[in-house]
Amino acid sequence: MARLSVDNVSVHYPTPRGVVHALDKVSLEIASGDVVVALGASGCGKSTLLGLMAGFQRPDAGRVTLDGATITGPGADRGVVFQDDALMPWLSAADNVAFGLTLQKVGRSERRERAEALMRQVGLAGFEDHRIGELSGGMRQRLGLARALANRPDFLLMDEPLGALDALTRERIQSLILDIWRGTGTGIFLITHSIEEALFLATELVILSPRPGRIVRRLQPGFARRYAAGESARSIKADPDFVRAREDILNAHFAYDEEIEHAAH
Amino acid sequence: MPPIELSVAEEVALQSGRPEPVRYRAPSAWRARLPKLVTVLGLLTLWELVSGFGVVSSLFLPAPQQVLTKLVEIATTGFMDATLWQHTEASLLRVSLAVLAALLTAVPLGVLIGLNRTVSSAVDPLIEFYRPVPPLAYLPLIVIWFGIGEVSKVLLIYLAIFAPLVLATGSGVRRVEQSRVLAARSLGACRWQLVRHVILPSALPDILTGLRIALGVGWSTLVAAELIAAQRGLGFMVQSASQFLVTDVVIAGILVIAVIALVLELSIRYLERRYAGWAH
């Protein structure tokens, strides 16, 4: 069982108009089997938080640790899924999925085999030899997910992976994320500005406020576990409990300003 | 007000109450190429007429057939102690050596420039200083330093190719999408793997564009390079033919130089389509 901890972390950037506190004394823990979702409007430091966990940047104060050891850089034990798919357009779909395996010098036939299995898992069987330019936005995100899974990481870090997708595709991939979570038990950290998405996916939901980026509320919604137990996504989202939780978050944290609107565009 | 005239089809459509469907016709490839063909054929005809009716002395403008015959002659028996093939080979060899040397040096330096601000600002004044200077202007200096041998000729072409290739590679590397670099790092890429698997393929479209421009510049510089006491080469052939007023060889040589330039251009375009098609 792996554990990723963010302990009392602060990050600030100097700007011409003074110091911006992207994160201010944020603490957070993700263990295998958790889906921790960070919900917040733009500018609340969500992406900074993910960058720290991924090892893309270091905190100015506090510690980010993986099983007790300080994270000093990116590593194959933490798979990252980006909002813009960040795929390599000169490679075929299968070669993109196997990118991490190529870096580890895994042989060609084993690479192909594992890429095919992963693409089946994310619902892209038959698209192995397609070029990236031929795939839709949703397919590209599925591919990004498969690529991150290829290294069998302990954690999946997802930075608004569904932000640019249409509503229907979004719903399908939300379910796919939970299917993968149920199947692998990987710890997931996901960033979103959609309240509904956060409620549906999270086993632990943290709401961040912007400038300074702080955690203002923590909830443990049980909807992801209900999905894992077999209930359909639609019936969960139509459940009065779900609707009430959604309205509650909206009114308590986002209704007072238009920030969420900004975040959505 | 005059009555509006209707075509038969429109009349029929009106009477039957059904509008004639407007069919979209894609412009055919032939239609687009026709003007080009007309221009080329027109020029050839004009050439034929002007030389055929003796408007201009054949000393200055030989007839097309005469040039063609001469082309065959220099291809078989040769001109200035070498056949057309040997002249072409000498020129192509010089350009190839220069291109190879430029690829081996300019691409790595371009990558460094793109990745490292310090290297970039250190190299920048050097390149920006000599890049706008026409090769013919520094040719005398090269001759003083390196003599009139092959080294000077290849060096002149190399210098002309080097700058555009370094600049294109550098800007290609700078434009690499940051999220791709982060993605590769999170998948376990080390520094060298980043360059090999992300940065070079990302920058390849820019490198090829740079190479296309560089080859154009290099081929143009060739004639200048072969002015330095060469015994062989297309530039030398044209140059010495002009000194003896052998106009048909001059024109034949110019045509061969043009055809090779076209072939080079088309092959780089093919490479662009084949290996950098994803960028377009």
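In strand S9 of chain A, Glu204(A) is the bridge partner of Val36(A). The model is a predicted one: local features need pLDDT of at least 70, side-chain atom pairs count only at pLDDT 80 or more, and totals for chains, interfaces and linings use all residues. Residues are numbered from 1 along each chain as its sequence is written, while chains are lettered from A and ligands numbered from 1 in the order in which they are written.

Strand S3 (residues 35-39) of chain A pairs with strand S9 (residues 204-209) of chain A over 4 bridges. Strands are DSSP runs of E with at least two residues, helices are runs of H or I with at least four, and both are numbered from the N terminus. Two strands pair if DSSP finds at least two bridges between them. S9(A) also runs antiparallel to strand S10 (residues 214-219) of chain A, and 5 bridges join the two. Within this pairing, Ile207(A) stands opposite Arg217(A). The hairpin of S9(A) and S10(A) has 4 residues between the strands. In that hairpin, Arg211(A) takes a positive phi near 40°.

Elsewhere in chain A, 4 strands form an open, antiparallel sheet in the order S2-S1-S4-S5. Its edge strands are S2 (18-31) and S5 (69-70), and each pairs on one side only. Strand S1 (residues 3-15) and strand S4 (residues 61-66) of chain A are antiparallel and share 5 bridges. Ser10(A) stands opposite Ala61(A) in S4(A). Helix H1 (residues 46-54) of chain A packs on the sheet and touches S1, S2 and S4 of chain A. The direction of H1 makes about 125° with that of S1(A). Such angles run from 0 to 180 degrees between N-to-C directions, with axes fitted to C-alpha atoms, for helices over the stretch in contact.

UniProt, in an unreviewed entry, places the feature "domain: ABC transporter" at residues 4-235 of chain A. UniProt annotations may be inferred rather than shown by experiment. Over residues 4-235, chain A is 34% helix and 28% strand. The end C-alpha atoms of that stretch are 32 Å apart.

The domain assignment of chain A gives domain 1 (3-77 + 155-264) and domain 2 (86-152). These bounds come from an automatic or database assignment. The centres of the two domains, taken over C-alpha atoms, are separated by 25 Å. In chain A, 10 residues of domain 1 are in contact with 10 residues of domain 2. Contact requires C-beta atoms, placed from the backbone, within 7 Å. On the domain 1 side, helix H6 (residues 167-184) of chain A provides the largest share, 4 residues. That side divides into 9 nonpolar, 1 polar and no charged residues. Nonpolar covers Ala, Val, Leu, Ile, Met, Phe, Trp, Tyr, Cys and Pro; charged covers Asp, Glu, Lys and Arg; the others, Gly among them, are polar.

Between the chains, 21 residues of chain A are in contact with 14 residues of chain B. Strand S6 (78-81) and helix H3 (99-103) of chain A each supply at least two residues of the chain A side. By class, that side has 12 nonpolar, 6 polar and 3 charged residues.

In chain B, the axes of helix H3 (residues 64-76) and helix H11 (residues 247-276) come within 9 Å and cross at roughly 80°. H3(B) is therefore roughly perpendicular to H11(B), a label for angles of 65 to 115 degrees. Among the H3(B) residues that meet H11(B) are Val67(B), Leu71(B) and Ile74(B). Their partners in H11(B) include Val249(B) and Ile251(B). The contact of H3(B) with H11(B) has 6 nonpolar, 1 polar and 2 charged residues.

Note on methods: Contact = placed C-beta atoms within 7 Å. Parallel < 35°, antiparallel > 145°, perpendicular 65-115°, else oblique.
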